[in-house]
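Hi everyone, thanks for coming. Please have a look at the sequence and the model on the screen, and then I'll walk you through a few places in it.

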Amino acid sequence: MKPYYRLQFPVGQYIRDDIDFSDFPRTFEPFADGTPRLWGVKYYPNEKILTKEFIDFLDSMGFHPPHTHVFMGPPNSELFIHKDAPTDPRNAWAFNFSWGTDSSEIRWYHVDDSETPVVRHTLTNRYVETYQLEQCELIDHAPMLLTPTLVRVDLAHHAVNMGSTTRWGVSVRDQHNW
């Protein structure tokens, strides 16, 4: 199974034009082990980020995200490799969009069950399993665009900004069993 799918919805615009990120933090405390935290994430009310048309469309599908995740990645940087959810008993997916840089992608990895993750406490008060690149085998990658893309978030993955400008990303998630 592919870890991502480009989607076409009967929606004219997904992300609002008038988003105000002035309250988004630009610097972040390091992780407890001292590892630098380069990328930021913040939860916003859906209405602040998504268009009413897109919210209404999601609602018509029975998809009710509690909030919208917004990520900010500085130029020439990578988010840490992580899993957002356990793979069993179901697959976990999100609708993702990206903008602001000319070169950004998500990479997915296979991690052998014998590998031990480092559990990190995130900026959003969650705990995620993280991995070093040496523990992983690349299985797929996809450029991220301002196009709805259904992405697996239960596999080890990370976003990479290869561009010279800030990468903004939106991730819309619900508790569906896919």
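First, some housekeeping. This is a predicted model, where local features need pLDDT of at least 70, side-chain atom pairs count only at pLDDT 80 or more, and totals for chains, interfaces and linings use all residues. Residues are numbered from 1 along each chain as its sequence is written, and side-chain values use heavy atoms, with hydrogens and water left out.

So, how many aromatic pairs does a search of the whole structure find? The search gives 15. Rings of Phe, Tyr and Trp (for Trp, its six-membered ring) pair if their centres lie within 6.5 Å; planes under 30 degrees apart count as stacked, over 60 as edge-to-face and the rest as tilted.

Take Y14 and F97: their ring centres are 5.4 Å apart and their planes sit at 35 degrees, so this pair is tilted. Y14 lies in the loop between strand 1 (4–6) and strand 2 (40–44), while F97 is in strand 6 (residues 93–99), so the pair ties together parts that are 83 residues apart in sequence. By the way, helices (H or I, at least four residues) and strands (E, at least two) are DSSP runs, numbered from the N terminus. Are Y14 and F97 buried or exposed? Both are buried, and buried means under 20% relative accessible area, exposed over 50%, partly exposed in between (1.4 Å probe, protein chains only).

Next come F24 and W168. Their ring centres are 5.2 Å apart with planes at 80 degrees, so we call this pair edge-to-face. F24 is in the loop between strand 1 and strand 2 and W168 in strand 13 (residues 167–172), so the pair ties together parts that are 144 residues apart in sequence. F24 counts as buried at 3% relative accessibility, and W168 is buried with a relative accessible area of 12%.

Ring pairs also link F9, Y14, F54, F57, F63, F95 and F97 into a cluster.

Now to F31. R37 lies over the face of F31, at 4.0 Å from the ring centre, and R120 lies over the face of F31 at 4.7 Å. A charge sits over a ring if NZ of Lys or CZ of Arg is within 6 Å of the ring centre and within 35 degrees of the ring normal.

Finally, three loop residues. I19 lies in the loop between strand 1 and strand 2 and is buried, with a relative accessible area of 18%. Leaving aside neighbours within four places in sequence, I19 is in contact (heavy atoms within 4.5 Å) with K48, I49 and W99.

D102 lies in the loop between strand 6 and strand 7 (104–111). At 70% relative accessibility, D102 counts as exposed. Not counting residues up to four places away in sequence, D102 touches G163 and S164.

And N76 is found in the loop between strand 3 (68–73) and strand 4 (77–78), exposed at 58% relative accessibility. What is phi of N76 near? Its value is near 50 degrees, positive in a residue other than glycine. Most residues other than glycine have a negative phi.
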